[in-house]
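The sequence and the structure are shown below.

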Amino acid sequence: DPFVPQVQQYRKFLKEHAVFKEVIPFKNPVVLSKIHQTYRVGYLKDVVLARVLDEATVASLNSIIHSNNAIVISLLKDDSTFIQELFARLRSPTTSAESKKNLVYFLHEFCSLSKSLQMGQQLPIFRDLMNEGIVDIITDALQSEDKKIVLMGTDILVLFLNQDPNLLRSYVVRQEENLLLGLLVKGMITDFGEDMHCQFLEILRSLLDSVTFTGAQRDTIVETFYEKHLGQLIDVIILSCPHDEASTGKLAGTAGRVESQNSTRPEILLNICELLCFCVVHHPYRIKCNFLLNNAIDKVLLLTQRREKYLVAAAVRFVRTILSRHDEHLISHFVKYGLLKSIVDAFVANGNRYNVLNSAVLELFEYIRKENLKLLVKHIVDSFWNQLVKFEHLPSLQSFKVKYKQFLENCGPETNVNAPDPRKRIDERALEKEEEDYFNESDEEDTTSASHPQKVQSQPVLSNGVAVSCPSSRPRSGGLVDYDDEDDEDYRSPPRKQTETSEDDEGSMESLGLKRKLTPKEKEPGLAKKQRLGKSSKPRDSVFAALCSTLSQAVLPSKKTANAMHLSTQSGEENHIEKESGSPRSCDNKSPNEGNLREKESPRNCSEYLHGPSDNRQLSGEDPRSLLPSKSSPEMAVNGS
């Protein structure tokens with residue numbers, strides 16, 4: 001190679017510097033040859049021909065390496081004595097620390113090379129290793145003081161989880177006191193220097209995952225984690241953030257279990273915050289109970305006091321994850337204890353610098369606005385707007401303030417409507433009382449109207465002692481039935497009593513007139529006809545009355561003639577009463593004492609006596625002139641013949 005300043009001794013390096021460590025002697029020579037060939041092909045590809053190889057040659061060399069590894073793993077897994085000897089040395093208390101370290105490295109390499117096999121062959125190998133007790137070996141490795149051995153053990157666990165997570169989960173559930181889970185949490189908060197990785201976070205995520213892992217095993221692991229190990233992670237955050245001693249004793253209730261971590265690496269705190277966000281998403285009920293009981297949210301928000309901006313942004317992201325659950329209890333918890341104050345203070349302290357923290361807080365406000373979290377919108381504007389007013393020029397905060405005003409406009413009438421008003425209740429009760437009184441009065445009126453017609457009907461009585469019934473919608477009982485006019489004229493009432501007076505006759509005539517006015521519609525044509533006859537005969541009646549009055553003054557009747565006139569007018573009046581009452585009487589049934597009673601009444605002039613019968617004939621449809629013959633003398637008219 002002309003570009004290399006001096007010649008490279010590749011063979012010398014392979015013979016003198018490359019050391020082949022055989023932890024357990026390989027009895028199969030094919031395994032040894034394939035291991036050496038694979039190492040030389042890799043050295044040729046990565047060092048000797050690194051700058052001159054084309055892609056096709058690199059692909060050919062990679063296929064050779066992959067094939068050799070598959071052959072080596074297949075030969076080793078089929079050798080049962082080799083696997084048993086490997087685990088026996090790992091469990092032996094007499095094995096030195098250096099030998100155990102090499103055994104762990106060999107076990108890690110063996111598991112890593114197992115991925116060279118086909119998918120159908122990989123799972124049986126991991127199951128065989130699990131049955132041999134590889135997890136117990138890893139548990140011992142995690143308790144080692146050598147951090148490199150701890151990291152090797154975590155890499156092996158990650159390989160198992162990538163292959164089949166249920167293999168590791170079933171072991172954690174069966175293990176007494178869940179020692180492996182506690183070691184993983186302890187390793188997560190341990191500072192490994194520059195060799196720090198995220199293997200612990202990945203393992204805990206896989207064990208606590210509720211999507212790919214369900215059933216009683218998952219519940220056992222989750223319950224153990226929340227009861228025993230979540231507090232340790234929260235205490236690390238408390239002890240690593242600046243605060244006074246009083247708040248230290250108040251917040252860190254279990255700080256005695258964790259050593260002082262004032263110099264905790266920011267990467268550890270970031271991983272803890274990421275794990276808490278994962279728990280919020282996958283275990284909303286359990287994390288809610290823990291946060292509400294232990295006030296863990298306030299402790300996590302102590303990260304906003306750190307100098308590292310990405311840690312403050314992680315705390316904001318933690319709050320954003322909690323609010324994404326839309327849990328009313330957690331939102332009320334934020335408002336009740338003012339937990340957003342630390343985020344607002346960090347945003348204000350950041351000023352106008354456009355960085356990750358600025359974007360994270362603005363995105364949080366934007367999410368609260370878009371999701372219509374009314375309680376938080378009102379809380380932020382009412383409590384922290386004096387601090388945020390200098391950032392009002394930002395579009396996110398302008399939209400936030402507009403949303404706040406919309407909530408006020410929409411909630412104002414609702415609160416007035418929903419608010420209990422005692423005066424309104426009194427008015428409603430008064431209205432109900434008025435309605436009740438109204439219906440009671442209506443019932444009383446109905447009752448009175450039902451009983452009143454009966455009283456009215458019992459008052460008018462005819463001269464024969466029969467009560468007059470007014471027409472109503474109710475069915476009539478007994479003999480109180482209305483008859484037509486023709487039937488009334490033919491009806492013959494029983495003889496009248498002598499004790500009745502003329503006032504009774506006049507009352508019966510008035511009641512009869514009321515009855516005729518309330519007759520059904522079928523009687524209306526007959527009444528109209530009679531009224532027309534009465535109107536046509538009225539002028540004739542007036543002429544006839546004037547003639548009778550003139551004759552009565554001109555002729556002086558004798559006493560006998562006067563008596564005859566009395567009897568004549570008396571009989572005419574009887575006919576009038578009988579016609580109007582609907583109970584005409586015959587002259588044969590008239591008692592002899594009736595004339596004497598009539599003579600005791602006050603005297604009436606001739607026109608009045610003559611006018612009564614004429615009116616009666618008007619109502620009955622007869623012409624009054626028919627009572628007198630066409631050739632009658634004045635004396636005959638006066639005598640009433």
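A residue is called buried under 20% relative accessible area, exposed over 50% and partly exposed in between, with a 1.4 Å probe and protein chains only. His326 is found in the loop between H17 and helix H18 (328-337), and its phi is near 55°, a positive value in a residue other than glycine. Asn295 also has phi near 55°, again positive in a residue other than glycine. Asn295 lies in the loop between H15 and helix H16 (296-300) and is partly exposed, with a relative accessible area of 24%.

## Basis of the model

The model is predicted: local features need pLDDT of at least 70, side-chain atom pairs count only at pLDDT 80 or more, and totals for chains, interfaces and linings use all residues. Residues are numbered from 1 along each chain as its sequence is written, and side-chain values use heavy atoms, with hydrogens and water left out.

## Overall fold

The secondary structure of the protein chain comes to 30 helices and 0 strands; helices (H or I, at least four residues) and strands (E, at least two) are DSSP runs, numbered from the N terminus. Of the 641 residues in the protein chain, 39% are buried. Contact means heavy atoms within 4.5 Å. Among contacts between residues at least 6 apart in sequence, 71% join residues at least 24 apart.

## Two buried positions

Val319 lies in helix H17 (residues 309-323) and is buried, with a relative accessible area of 0%. Leaving aside neighbours within four places in sequence, Val319 is in contact with Leu301, Phe334, Leu340, Ile343 and Leu364. Val319 and Phe334 are 15 residues apart in sequence and 9.6 Å apart in space, C-alpha to C-alpha.

Gln199, in helix H11 (residues 199-208), is buried, with a relative accessible area of 12%. Its side chain makes a polar contact with the side chain of Asp155 at 2.8 Å. A polar contact is a pair of N or O atoms within 3.5 Å; within protein, one must be able to donate a hydrogen and the other to accept it, and residues adjacent in sequence count only if both atoms are side-chain atoms. Not counting residues up to four places away in sequence, Gln199 touches Thr154, Asp155 and Val158.

## Aromatic pairs

Rings of Phe, Tyr and Trp (its six-membered ring) pair if their centres lie within 6.5 Å; planes under 30 degrees apart count as stacked, over 60 as edge-to-face and the rest as tilted. By this rule the count comes to 12 aromatic pairs. Phe225 and Tyr226 form an edge-to-face pair, 5.5 Å centre to centre with 80° between the planes, and both residues are buried.

Phe291 and Phe318 are likewise edge-to-face, at 5.7 Å centre to centre and 70° between the planes. This pair links distant parts of the chain, with Phe291 in helix H15 (residues 284-294) and Phe318 in helix H17, 27 residues apart. Phe291 and Phe318 are both buried. One aromatic cluster is formed by Phe26, Phe82, Phe106 and Phe110.

## Largest pocket

On a 1 Å grid over the protein atoms alone, a pocket is an open set of points where a 1.4 Å probe fits, with protein on both sides within 12 Å along at least five of seven lines; lining residues have an atom within 4 Å of a point. The largest pocket has a volume of about 910 Å³, the volume being the space filled by probe spheres set on the points, which are joined across faces, edges and corners. Of its 30 lining residues, the closest to the centre are Val19, Phe20, Lys21, Ile35 and Glu109.
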